[in-house]
Amino acid sequence: MTAAARWALVAGVLLVAALVAVVPMVNSSDEQAQGEDVGPARAAAQLEPCRPGSGAPARELRDVQVECLADGSRVDAGELVAAGDRPTLINVWATWCEPCREELPLLDDYAAEPGAARVVTVQVESGRRDGLELLAELGVDLPGVFDGDGPSGPIREALSVPRALPASYLVTPGGDVELVRQPRLFTSAEQIREVVRSGGDR
């Protein structure tokens with residue numbers, strides 16, 4: 001091997017070593033910046049934690065990993081929405097969705113009623129900070145997860161969520177997940193109660 005080739009090899013090794021050292025630092029800085037941006041919004045929103053439900057995990061969402069909006073932890077969506085003796089209501093929403101802004105407070109009020117079904121929200125197609133700020137503005141503190149700000153996400157793929165939002169689903173005590181077709185938009189707490197009573201078979 002010539003001297004020039006040896007120097008080229010040494011330079012290549014040093015370059016690779018430098019890249020290996022720098023990339024984790026860049027990723028760490030990105031994560032810290034993200035945390036600084038989202039932290040105050042999380043603190044202001046004061047969302048309920050993402051606790052597993054008490055029943056059988058939802059079949060369609062079993063092993064689907066998503067981010068809890070309350071603290072950024074990874075959770076199993078199937079276990080999170082598991083229904084016990086009453087269905088769990090899943091609500092899919094986005095910050096740009098005007099009907100979602102009207103529906104979320106209704107769901108929050110309903111969830112506070114004695115004997116209400118558990119309500120879990122799924123934020124999609126919008127930034128987590130914007131979502132947290134909107135929830136704080138609306139006074140909605142339901143447990144929720146972040147399914148990504150792009151056109152698809154693990155929950156949307158698993159449930160084939162329609163493009164038109166909001167979309168709600170009922171998880172039965174047996175673990176089945178059913179799209180609520182009527183009404184597509186809740187405009188009263190009584191509509192929510194009726195859907196829960198009927199088990200989503202509407």
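Biologist: What share of the contacts in the chain with a separation of 6 or more do residues 24 or more positions apart account for?

Modeller: Contact means heavy atoms within 4.5 Å. Here, residues 24 or more positions apart account for 66% of those contacts. Please keep in mind that this is a predicted model, where local features need pLDDT of at least 70, side-chain atom pairs count only at pLDDT 80 or more, and totals for chains, interfaces and linings use all residues. Residues are numbered from 1 along each chain as its sequence is written, and side-chain values use heavy atoms, with hydrogens and water left out.

Biologist: Thanks! How many helices and strands does the chain have?

Modeller: Helices (H or I, at least four residues) and strands (E, at least two) are DSSP runs, numbered from the N terminus. This chain has six helices and seven strands.

Biologist: In what order do the strands sit in the sheet?

Modeller: Strands of a sheet pair through backbone hydrogen bonds, either parallel or antiparallel. Two strands count as paired if DSSP finds at least two bridges between them. In this model, seven strands form an open sheet with mixed pairing, in the order E2-E1-E5-E4-E3-E6-E7. Strands E2 (74–76) and E7 (177–179) are at the edges with a single partner strand each, so one side of each has no neighbour in the sheet.

Biologist: Which strands does E3 pair with?

Modeller: E3 (residues 88–93) runs parallel to E4, joined by six bridges, and Val92 has Val122 of E4 as its bridge partner. With E6 (residues 167–171), E3 runs antiparallel over five bridges, one of them pairing Asn91 with Ser168.

Biologist: Why is E4 described as largely enclosed?

Modeller: Buried means under 20% relative accessible area, exposed over 50%, and partly exposed in between (1.4 Å probe, protein chains only). Five of the six residues of E4 (residues 118–123) are buried, so the rest of the structure largely encloses this strand. E4 also pairs in parallel with E5 (residues 144–146) over three bridges.

Biologist: And which residues touch the most other members of the largest nonpolar core?

Modeller: In soluble globular proteins, nonpolar side chains tend to be buried together. A nonpolar core is a set of buried Ala, Val, Leu, Ile, Met, Phe, Trp, Tyr and Cys residues joined through side-chain atoms within 4.5 Å. The largest one here has 52 residues, with Leu61, Ile155 and Leu165 touching the most other members.
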